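Take a moment with the fold before reading on.

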Amino acid sequence: MKKAVSLQKPTPYMRLARIAAEAENAGAYGFAAAAWKAAAGLALRESNRQWAEERCALCENALRREWGVIKPEKEK
């Protein structure tokens, strides 16, 4: 079964949200947070704005907590 392909051009919010999601999945939390914040500013729907703001907050938290950062072991 084939997926339905949208013939509509993606909105600026959707383009930026896709970039933010890809950055987040790659572990680039600083870039993802900035992209989600920008996407929130472009959102036309309140639900999209809230989603982008929540993702931004999550990415900022991940950056603070250094998720995915492998620290070298201290020598004995």
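Predicted model: local features only at pLDDT ≥ 70, side-chain atom pairs only at ≥ 80, totals over all residues.

How do H1 and H2 lie to each other, roughly parallel or roughly antiparallel? The chain has 3 helices and 0 strands. Read from the N terminus, the order is α-α-α. Helix H1 covers residues 12-25. Helix H2 covers residues 29-42, and helix H3 covers 46-64.

Now the answer. H1 and H2 pack at an angle of about 160 degrees. Angles over 145 degrees count as roughly antiparallel. H1 and H2 are therefore roughly antiparallel to each other. Their axes are 8 Å apart, and H1 passes H2 in a left-handed crossing.

Look at the residues that meet there. H1 brings Pro-12, Tyr-13, Leu-16, Ala-17 and Ile-19, among others. The H2 side includes Tyr-29, Phe-31, Ala-32, Trp-36 and Leu-42. By class, the contact of H1 with H2 holds 16 nonpolar residues, no polar ones and 1 charged one.

Move on to the next pair. H2 and H3 pack at an angle of about 160 degrees, and their axes lie 8 Å apart. H2 and H3 are therefore roughly antiparallel to each other. H2 passes H3 in a left-handed crossing. From H2, the contact residues include Tyr-29, Gly-30, Ala-33, Trp-36 and Lys-37. They meet a set in H3 that includes Arg-49, Trp-51, Glu-53, Arg-55, Cys-56, Cys-59 and Leu-63. This contact of H2 with H3 divides into 12 nonpolar, 1 polar and 5 charged residues.

In H2, Tyr-29 is listed in the contact with H1 and in the contact with H3. Tyr-29 also has an aromatic partner. The structure holds 1 aromatic pair. Tyr-29 and Trp-67 form it, edge-to-face, with 6.2 Å centre to centre and 90 degrees between the planes. The pair links distant parts of the chain. Tyr-29 sits in helix H2, while Trp-67 lies in the segment after helix H3, 38 residues apart.

Tyr-29 has 16%, so Tyr-29 is buried. Trp-67 has 39% and is partly exposed.

Finish with the whole chain. Of its 76 residues, 22% count as buried. Among contacts between residues at least 6 apart in sequence, 39% join residues at least 24 apart.

How values were computed
Residues numbered from 1 in each chain as written. Heavy atoms only, no water. Phe/Tyr/Trp six-rings, centres within 6.5 Å; stacked < 30°, edge-to-face > 60°. Helix = DSSP H or I, 4+ residues; strand = E, 2+ residues; numbered from the N terminus. Buried < 20%, exposed > 50% of the residue type's maximum accessible area, 1.4 Å probe, protein only. Axes fitted to C-alpha atoms, helices over the stretch in contact; angles between N-to-C directions. Parallel < 35°, antiparallel > 145°, perpendicular 65-115°, else oblique. Left-handed = near helix turned anticlockwise from the far one by under 90°. Contact = heavy atoms within 4.5 Å. Nonpolar A, V, L, I, M, F, W, Y, C, P; charged D, E, K, R; others polar.
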